[in-house]
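Subject: Structure handover

Hello,

Here is the structure I promised to pass on. My notes follow below it.

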Amino acid sequence: MTRALIVVDVQNDFCEGGSLGVDGGAAVAAAISIRLQAAGQEARWDHVVASRDHHGDPGGHFSDAPDFVDSWPPHCRRGTPGASFHPELDVARIEAVFDKGHDTAAYSAFEGTEPGGAGLRDWLRAHDVDALDVVGIATDHCVRATALDAAAAGFSTTVLLDLCVGVAPETTQRAIAQMRAAGVAVLG
């Protein structure tokens, strides 16, 4: 089996102090880095990729009066510090970054493309990946959407909860149940 790690949206705007900061975001960034750097982990993942919210003008996705379901405060605007990966995230092993949400809402890493134009699914297939571990921010939004799309695309998919953080306990528990119902392994 060829296994890849997908690091979902570990960006400044989704960590403490960001426009949509989640408590524990910086700690998750550091924990992912520790796991990537740990002795013996080279064999765990054959490939490491990341997604990044990277908005230009996403229309109704941004709102001055957000409902936090379909509309949100402005975040992760291209070219701003908020769109950058959190400094606690070691990006040395990341082979490709898939930007999503240029001109619309986007939650799943599978909605993104890398600079050469390849989508995540095609990139993973080109690298013979058949198993995925998904980590990042937020468990109840973009991690959930990515894991569901991965399973629907036929990848053996695992979410590593100790390397994720959710926005709220209730929505996180619903997301975990939804992922498990779709055949996603949820560990931690």
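A contact here means heavy atoms within 4.5 Å. Keep in mind that this is a predicted model.

With that cut-off, take threonine 146, which sits in helix H3. Setting aside neighbours within four places in sequence, threonine 146 is in contact with Ile6, Val8, Tyr107, Ser108, Ala109, Phe110 and Val134. Its relative accessible area is 0%, so threonine 146 is buried.

Helix H3 and its surroundings

H3 spans residues 139-152 and packs against helix H4, residues 169-181. The angle is about 10° and the axes are 9 Å apart. Angles under 35 degrees count as roughly parallel, and H3 and H4 are therefore roughly parallel to each other. On the H3 side, the contact uses Thr139, Asp140, Val143, Arg144, Ala147 and Leu148. H4 supplies Thr171, Thr172, Ala175, Gln178 and Met179. By class, that contact has 5 nonpolar, 4 polar and 2 charged residues.

Which residues of H3 are buried? They are Thr139, Asp140, Cys142, Val143, Ala145, Thr146, Ala147, Leu148 and Ala150. Their cover includes strands E1 (3-8), E3 (96-100), E4 (131-137) and E5 (156-165), along with H4.

A cis peptide bond joins isoleucine 137 and alanine 138, with omega about -5°. Alanine 138 is in the loop between E4 and H3. Just after H3, glycine 154 has a positive phi of about 95°.

The core

The largest nonpolar core has 55 residues. Val7, Ile32, Leu124, Leu132 and Val159 touch the most other members. E5 gives the most to this core, with 6 residues. Valine 159 is in contact with Val134, Val143, Ala147, Cys164, Met179, Val184, Ala185, Val186 and Leu187, again leaving aside neighbours within four places in sequence.

Most residues other than glycine have a negative phi. Aspartate 9 has a positive phi of about 50°. Aspartate 128 also has a positive phi, about 60°. Aspartate 9 is in the loop between E1 and helix H1 (25-37), and aspartate 128 lies in the loop between helix H2 (120-126) and E4. Are they buried or exposed? Aspartate 9 has 0% relative accessibility, so aspartate 9 counts as buried. Aspartate 128 has 58%, so aspartate 128 counts as exposed.

Salt bridges

How many salt bridges does a search of the whole structure find? It finds 7. Lysine 100 takes part in a salt bridge with aspartate 9, the closest N and O atoms being 2.8 Å apart. Lysine 100 is in strand E3 and aspartate 9 is in the loop between E1 and H1, so this pair ties together parts that are 91 residues apart in sequence. Lysine 100 also forms a salt bridge with aspartate 53, where the closest N and O atoms are 2.7 Å apart. Aspartate 53 belongs to strand E2 (residues 47-53), so its pairing with lysine 100 in E3 ties together parts that are 47 residues apart in sequence. Lysine 100 is buried at 1% relative accessible area, and aspartate 53 is buried at 2%.

Arginine 121 forms a salt bridge with aspartate 122, the closest N and O atoms being 3.9 Å apart. Arginine 121 is partly exposed, with a relative accessible area of 42%. Finally, Arg3, Arg44 and Asp133 are linked in a network of salt bridges.

Best wishes

Technical notes: Residues numbered from 1 in each chain as written. Predicted model: local features only at pLDDT ≥ 70, side-chain atom pairs only at ≥ 80, totals over all residues. Heavy atoms only, no water. Axes fitted to C-alpha atoms, helices over the stretch in contact; angles between N-to-C directions. Helix = DSSP H or I, 4+ residues; strand = E, 2+ residues; numbered from the N terminus. Parallel < 35°, antiparallel > 145°, perpendicular 65-115°, else oblique. Nonpolar A, V, L, I, M, F, W, Y, C, P; charged D, E, K, R; others polar. Buried < 20%, exposed > 50% of the residue type's maximum accessible area, 1.4 Å probe, protein only. Core = buried A, V, L, I, M, F, W, Y, C linked by side-chain atoms within 4.5 Å. Salt bridge = Lys/Arg side-chain N within 4 Å of Asp/Glu carboxyl O.
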